[in-house]
Amino acid sequence: MPATKMKTVRHSEQSLRTALISKNPALVSQYEKLDAAERRLMNEAFRPASDLFGPIVLHSQSDWIASHPEPPQGFEEFFSDPSRKTPSREKHSIYIQCIGSLGNTRIISEEYVKWLKGYCEAFFYGLTVKLLEPVPVSATQCAFRVNENTKNLQIHAGHILHFLKKKKPEDAFCIVGVTMIDLYPRDSWNFVFGQASLTDGVGIFSFARYGGDFYSSSYEGKVKAPQRPSSRDYSAFDSYYTPDVTSVLLLRSCKTLTHEIGHIFGLRHCQWLACLMQGSNHLEEADRRPLDLCPICLRKLQCAVGFNIVERYKALVRWIDDDSADTPRGTPKHGPDGNVNLPKPVEAFEEWREWIMKCLAVVQK
Ligand SMILES: [Zn+2]
Ligand SMILES: [Zn+2]
């Protein structure tokens, strides 16, 4: 995309300040009661020379904001949204349900979902994240099809939501399904990255299109014989293709999962600053989106979850550092019990680690 077509969405210092702090006296005083160091970080939102938080840059007309006009949500609109759900002492856990294999082997699938769990625990710091036993696609009894254009297997997102809703444990704030099988919302649609019901606190997200090869002509997930599978025969899923779990795939799935769970907390698409909660229309735009929240969305999430910002940033850094220090990356190491421990592929998180360290420096000054 030529640079001349790029457009910067720039808000005035005043409107960013209002989006963050609001003009409602009760919310202003709530803001003033926050820790001074936390406010110093959040105030970076409207400091024009901030190198931590910058404006949203649109690259084309197909970018989200250009094609989906939505009312902007400042902290006040978030706070006073009557349909917003907040975790409580009784409903305080995020459940992750794996559907079908995430990786080529059982071990890769298990490790991958544990990495996602650990990441969510750091991101939604203070909440409990629990893994449910993985289930095969057949357990959900969902409809499925072969996509006529891309020839890959797809499962019906609404049926999966129905399955998850029935499985939602008592103490769940939300339950989210993750899968490497592509999704479709209804027959007339080509595909969907994910779908959620905020009122039910359920969501399903697919990482199928986040592999390095989905859009290549040699994509191995194409179903060779164009047979019409029987609606009760799920055997096509048994050894179905999954992409390699690379660092980029892990980064993309962590971003998707936290963005989507963010919606379940009532955070709407961010139009203020470059932010994880920006909407995205396509993979390239999703990749441009930062890994973490702008101060306005951070205040919303903090209000819902109640974490200490320093503790949360430290937990994110710990997650990136954990297990990547002593093993040569990409080389499985064998534990004493013969199990293979896969090193977490975190190369793609390095630039974000630097960024979090800068945020920490501001908040710990
Ligand atoms: Zn979204
Ligand atoms: Zn934001």
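Predicted model: local features only at pLDDT ≥ 70, side-chain atom pairs only at ≥ 80, totals over all residues.
Local features need pLDDT of at least 70 and side-chain atom pairs pLDDT 80 or more, whereas totals for chains, interfaces and linings use all residues. Residues are numbered from 1 along each chain as written, chains are lettered from A and ligands numbered from 1 in written order, and side-chain values use heavy atoms, without hydrogens and water.

**View 1. Four cysteines coordinate the zinc ion (ligand 2).** The donors (N, O and S atoms within 2.8 Å of the metal, or 3.2 Å for Na, K and Ca) are the SG atoms of Cys270, Cys275, Cys294 and Cys297, at 2.3 to 2.4 Å. Their angles of 102 to 114 degrees make the site tetrahedral (four donors, all angles between 85 and 135 degrees). Along the sequence the spacing is C-x4-C-x18-C-x2-C. Helices are DSSP runs (H or I) of at least four residues. Cys275 and Cys297 are buried (under 20% relative accessible area, 1.4 Å probe, protein chains only).

**View 2. Three histidines are the protein donors of the zinc ion (ligand 1).** The spacing is H-x3-H-x5-H. His263 and His269 are buried. Water is not among the atoms, so sites may look incomplete.

**View 3. Helix α1 (residues 13-21) is in contact with α10.** Their axes, lines fitted to C-alpha atoms over the stretch in contact, come within 9 Å and cross at roughly 10 degrees. α1 is therefore roughly parallel to α10 (angles under 35 degrees). Leu16, Ala19, Leu20 and Ile21 of α1 meet Pro295, Ile296 and Arg299 of α10, where contact means heavy atoms within 4.5 Å.

How values were computed
Tetrahedral: all angles 85-135°; square planar, octahedral: opposite > 155°, others 65-115°. Buried < 20%, exposed > 50% of the residue type's maximum accessible area, 1.4 Å probe, protein only. Axes fitted to C-alpha atoms, helices over the stretch in contact; angles between N-to-C directions. Helix = DSSP H or I, 4+ residues; strand = E, 2+ residues; numbered from the N terminus. Parallel < 35°, antiparallel > 145°, perpendicular 65-115°, else oblique.
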